[in-house]
Amino acid sequence: MSSSIPISHLDPTAPTPQNTPLTHAPIAQGLSRPTVPDITEGEEPEDEDVPGSDLPAGAHAAMLGLVQGKLAGLVGRSSGYIESLPVEVKRSIEALKGVQVKHNDLQNQYKRECLELEKKYAELQKPLWERRRAIVLGEAKPTKEEITAGEEESKKDDEEYTPLPSVAEPEAAAIPEFWLTALRNHPGLNEIINDRDADALKSLTDISVEYLPTSESQLGFKLLFHFKSNEYFTNAVLEKTYLYQKEVGYFGDFAYDGAIGTKIDWKEEKDLTKSFEIKKQRNKNTNRTRLVRKAKSVESFFNFFSPPKAPSEEAIENGEIDEEELEAVEEQLEIDYQIGEDLKEKIIPRAVDWFTGHALEFEGFDEDDDDFESLEDDDDDEDHFEDDDD
């Protein structure tokens, strides 16, 4: 579940389609993922002699690093204590593990029941979300009761709130760029929505969530982005399905097990996840030149529907991916999962609060400088041809 803590250092003024800020928060901000302080943060002190120590300047820090490295290498290693216990005691330990298995089974049952209850709750909300969609699109008139309830809520949040002029019969009035504004007011999503994406997202009419049947072997939920006809793609709905592992994790929650996105049917020359350029290539054998059109992957919100894939255990064991690459993939997976959770738990249920920016008053943001990086395709030239910049 996503956690929220109050903040006071952000401007709660809501960006609208007209005043959306030009500067974007880092991707890590606004994502409700747990963080651990970095022990390397802050300026490193200058080397100096340590009082009471015969070590020269700088040597103490080096020795401390060596000790820390040794201790890190001991984590998870057996001290030999368990192995030295009598066999009767070892049987008791194995019995405790058996008790723990039953506890784990109860946890699995409990979380499945919670997920089923969450699914039923979502079904109860569907008429409300349909009502919201109709008002946003101007397909239905707001009622006086709805307006009065909204104004009462506004008065609770702002003592200086001025009620709107009353009318005999409210008219239907569509709210322009409702979902685009709601998404851009989420700092993490705002970071990955560029101007080209924003133009396409103006056609977004609704975002909804569905839960996979709990009777299936794999649990999860599905996000559905509904679009009206637009100049970029032909899909009426773009889907993103998040899957959970079958068993709950160590902390008693379902663990992320991957995601599946929709294939976007882009119209010609409208793929927002690609950048196209014309290059001149010269044949090294004949010295002839030709013009070729090359596509390169670029950062885009719509990469969200092509989620990163975790490397297989076999690939990791065979050393096909190094530690640095693995960390990068893990970070991308974590960001992808948390964006999905924030959409499900925050933005969809409280879309109007994200539209107005009111939600920012209740959100805590990390101050990490993590960037969302899309993986670019390599530009491999064809045999015998090389780029000619002349």
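This is a predicted model: local features need pLDDT of at least 70, side-chain atom pairs count only at pLDDT 80 or more; totals for chains, interfaces and linings use all residues.

Student: What is the volume of the largest pocket?

Tutor: Rolling a probe the size of a water molecule over the atoms shows where empty space is left. A pocket here is an open set of points on a 1 Å grid over the protein atoms alone, where a 1.4 Å probe fits, with protein on both sides within 12 Å along at least five of seven lines; lining residues have an atom within 4 Å of a point. Volume is the space filled by probe spheres set on the points, which are joined across faces, edges and corners. For the largest pocket that is about 1,700 Å³.

Student: Which residues lie nearest the centre of the largest pocket?

Tutor: Glu 146, Ile 147, Gly 150, Glu 151 and Val 352 do, out of 41 lining residues. Two or more lining residues come from each of α3 (87–136), α4 (144–157) and α10 (351–356). Helices are DSSP runs of H or I with at least four residues, strands are runs of E with at least two, and both are numbered from the N terminus. The most, 10 residues, come from α4.

Student: Where does α3 bend?

Tutor: A bend is the angle between axes fitted to the seven residues ending at a residue and the seven starting there. In α3 the bend is about 40 degrees at Gln 125, and Pro 127 follows within four residues.

Student: Which residues of α3 are buried?

Tutor: An α-helix has 3.6 residues a turn, so residues three or four places apart point the same way. Buried means under 20% relative accessible area, exposed over 50%, and partly exposed in between (1.4 Å probe, protein chains only). Among the buried residues of α3 are Asn 108, Lys 111, Leu 115, Glu 118 and Ala 122.

Student: Is Glu 269 buried or exposed?

Tutor: Glu 269 is exposed, at 54% relative accessible area. Its phi is near 70 degrees, a positive value in a residue other than glycine. Glu 177 also has a positive phi, about 55 degrees, without being a glycine; Glu 177 is partly exposed, at 26%.

Notes
Residues are numbered from 1 along each chain as its sequence is written. Side-chain values use heavy atoms; hydrogens and water are left out.
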